[in-house]
Amino acid sequence: GTAITYANRAFWLSLLAGIGSFYYVTQKDRTPGPQLPHDPTKKTIVVLGSGWGATSFLNTLDTTDYNVVVISPRNFFLFTPLLPSVAVGTLSPRSILQPTRYVTRHKARSVEVIEAEAQSVDPINKTVSFIDNSDIQGAVSSTTIPYDYLVYAVGAEVQTFGIKGVQENACFMKELHDAEKMQRRFLDCLESAAFPGQSEAEIERLLHMVVVGGGPTGVELSGELHDFLEEDLKMWYPELAGKIKITLVEALPSVLPMFSKRLIDYTMSTFKESKIDILTQTMVKEVGEKTVTLAMPDKSIVEMPCGMVVWAAGNKGRKITQDLMAQLPTAQTNKRGITIDEYLQMNGTDGTIFAIGDCTSSSHAPTAQVAQQQGSYLARAFAQRVKGDNLKAQLAELEASAATILHEDERKKVLDEAEGVKRQLSKFKIRPFSYSHQGTLAYIGSDKAIADLPFLNGSFASGGFLTYYFWRSAYISTLFSLRNRSLVVTDWIRTKVFGRDVSREW
Ligand code: FAD
Ligand code: NAI
């Protein structure tokens, strides 16, 4: 009896402590304290972007020693790995966004956040020009500011290879508005297929969803579409759900080339069970309003009717990046992106521009993992840089004062001190960036995920339900804030209990 009473008390006490600490952390987060103002004697870092690289940089940076300005056309961070889940309504859009000000308001010194699109960078005069191109603009909507250091993290845009009709007729899966557009279009196709008097051929066309690109984005999206179909649409559109068809088109001989053969086979067989058609060695040549044109493995050209095309065929550099590289023609010759050195400095600049993430071309894949590690490394390197600058200033001061001291013993004392600082400076160096690969994960639908993990000196490959729960917990732990973690977990529970919403936003 006593043991049960103690257990009972312990349970309620720990529950109360849990609720109390949750409340404390969230309230502390909501009420950041005062910040130091900008200091004209400190150097200014301008950060371009608010994605994986920039946000990780801002999270880690100690702003005590720098003035920081962030410029990005979106005033939030988007957790891209869960974007396909938003496209089918498993998650609410806002659950995977984090306003940039939630990060910057917690820094020691106030950080200026400017919602604007950088138009050009002048690496000679060290300036950035940017414009506000949102719907509402004030009297001033474009300007140019100087920087001491530029952290260039503008990411990449969707690669269309100039293929006809892609820009006009396809949906993408890169930004939040892409996922929302796809969701609207998908449900519109369903409702139009339900319109009275529709012919069988037209119903079949409207319900044919084509995903282009068998990289992780295309595969994850196909898996999510399949879940939506199985778990919800069969209930709410019983007469149509059986006619929905998902086709994944990939130009290469296999999907997911970055995963091991075993996991590729596992994905292919899961997709086969899920009735997702995979067309490999098939190249999309044109996207029309109602069809996609395919070059088949036997070189024949097939025009395939469809209601929706989602284009997930990879990345290409933004125009601003191409323009910046063109200003440094001898150092920047790689068409895939900005060439950087081992300290993430843009080649051809005098240590003032650092580039991170998808806008660069390096030996690493363009992933969130790389951008995140580069961002936090760079922030730590900036802290080191200040230490080095302070030591140099201290040395200069000591040497200058030694030159003015007449008394021999006093001068020797100061010179000894200067020697000590010199020794510290000679040992002082910033370590180069080194990437530590934590593995690759992808969700493939039907509560299954695949994982390539660099364990045991090799690659540990796994797939299935357990991996799926690992995928969930890995993503939850990667989400930057407790707020986002809570929102995503609540959405997962909501979807399990109530299912996904099938109302189409106007
Ligand atoms: P981004 O995160 O794209 O950020 C670029 C920022 O720059 C944005 O804030 C943008 O608004 C801003 N910007 C754009 N133009 C300008 C301008 N002119 N001036 C100023 N700012 C500008 N990677 C993984 O490792 N794991 C995953 O599971 C994963 N899943 C993904 C799922 C999807 C659907 C997608 C699309 C990508 C996924 N990735 C994943 C890849 C990952 O999202 C990218 O590698 C990562 O976003 C790169 O970070 P970044 O900071 O370079 O660019
Ligand atoms: P990707 O570049 O990895 O894949 C695009 C695919 O589209 C390629 O396989 C390409 O052969 C194919 N393709 C291109 N043009 C085509 C055409 N005309 N017809 C048919 N197929 C065509 O692009 P993705 O998937 O958007 O990924 C971009 C980056 O983001 C990658 O580095 C990826 O690793 C990362 N990412 C990682 C995820 C994860 O780890 N779970 C999830 C999503 C993205």
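The residues of the shell around ligand 1 divide into 17 nonpolar, eleven polar and five charged. The model is predicted. The protein chain has 506 residues, of which 36% count as buried, and 15 helices and 23 strands. Along the principal axes, its C-alpha atoms fill a box of roughly 105 × 80 × 55 Å.

**Ligand 1**

- The shell around ligand 1 holds 33 residues, and the closest are Gly49, Gly51, Gly155, Gly357 and Thr367.
- Two or more residues come from each of helix 2 (52–60), strand 2 (66–72), helix 3 (83–87), strand 6 (117–122) and helix 12 (368–404).
- Domain 2 (37–156 + 317–385) and domain 3 (166–316 + 436–498) each give at least three residues to the shell around ligand 1.

**Ligand 2**

- Ligand 2 is surrounded by 27 residues, with Gly213, Gly215, Pro216, Thr217 and Gly314 the closest.
- The shell around ligand 2 has 16 nonpolar, nine polar and two charged residues.
- Helix 8 (216–236), strand 15 (283–287) and strand 21 (440–445) each supply at least two residues of the shell around ligand 2.
- Helix 8 makes the largest contribution to the shell around ligand 2, with four residues.
- The shell around ligand 2 also takes at least three residues from each of domain 2 (37–156 + 317–385) and domain 3 (166–316 + 436–498).

**Annotated region**

- An unreviewed UniProt entry carries the annotation "domain: FAD/NAD(P)-binding" for residues 44–375.
- Over residues 44–375, the chain is 31% helix and 26% strand.
- The end C-alpha atoms of residues 44–375 are 17 Å apart.

**Helix 14**

- Helix 14 covers residues 465–478, which is 14 residues.
- At 1.5 Å a residue, helix 14 should span 20 Å, and this agrees with the 20 Å between its end C-alpha atoms.
- Thr467, Tyr468 and Trp471 are the buried residues of helix 14.
- Seen down the axis of helix 14, these buried residues fall within an arc of 105°, so they line one face of the helix.
- An α-helix has 3.6 residues a turn, so residues three or four places apart point the same way.
- Phe465, Leu466, Tyr469, Ser473 and Ser477 are exposed on the other side of helix 14.
- Phe480 is in the loop between helix 14 and helix 15 (482–498).
- Phe480 counts as partly exposed because it has 17 C-beta neighbours inside 10 Å, where a buried residue needs 20 or more.
- The C-alpha atoms of Phe480 and Ser192 are separated by 40 Å, and the two residues are 288 residues apart along the chain.

**Positive phi at two lysines**

- Lys126 is a residue other than glycine with a positive phi, near 55°.
- The loop between strand 6 and strand 7 (127–131) contains Lys126.
- Lys126 has 19 C-beta neighbours inside 10 Å and therefore counts as partly exposed.
- Lys299, which is not a glycine, has a positive phi of about 75°.
- Lys299 sits in the loop between strand 16 (291–295) and strand 17 (301–305).
- Lys299 counts as exposed because it has 6 C-beta neighbours inside 10 Å.

- Lys387 lies in helix 12, one of the elements giving two or more residues to the shell around ligand 1.
- Lys387 has 14 C-beta neighbours inside 10 Å, so it counts as partly exposed.
- Lys387 and Asp65 are 322 residues apart along the chain, and their C-alpha atoms are separated by 9.6 Å.
- Glu410 is part of helix 13 (residues 408–427).
- Glu410 has 12 C-beta neighbours inside 10 Å and so counts as exposed, the limit for exposed being 12 or fewer.
- From C-alpha to C-alpha, Glu410 and Ile320 are 57 Å apart in space, and they are 90 residues apart in sequence.

Methods: Residues are numbered from 1 along each chain as its sequence is written. Chains are lettered from A and ligands numbered from 1 in the order in which they are written. This is a predicted model: local features need pLDDT of at least 70, side-chain atom pairs count only at pLDDT 80 or more; totals for chains, interfaces and linings use all residues. UniProt positions are given in the numbering used here, feature names are shortened, and annotations may be inferred rather than shown by experiment. A residue is near a molecule or strand if its C-beta atom, placed from the backbone, lies within 6 Å of it. Ala, Val, Leu, Ile, Met, Phe, Trp, Tyr, Cys and Pro count as nonpolar, Asp, Glu, Lys and Arg as charged, and the others, Gly among them, as polar. Domain bounds come from an automatic or database domain assignment. The expected span of a helix is 1.5 Å times one less than its number of residues. The arc is that of the directions from the helix axis to the C-beta atoms.
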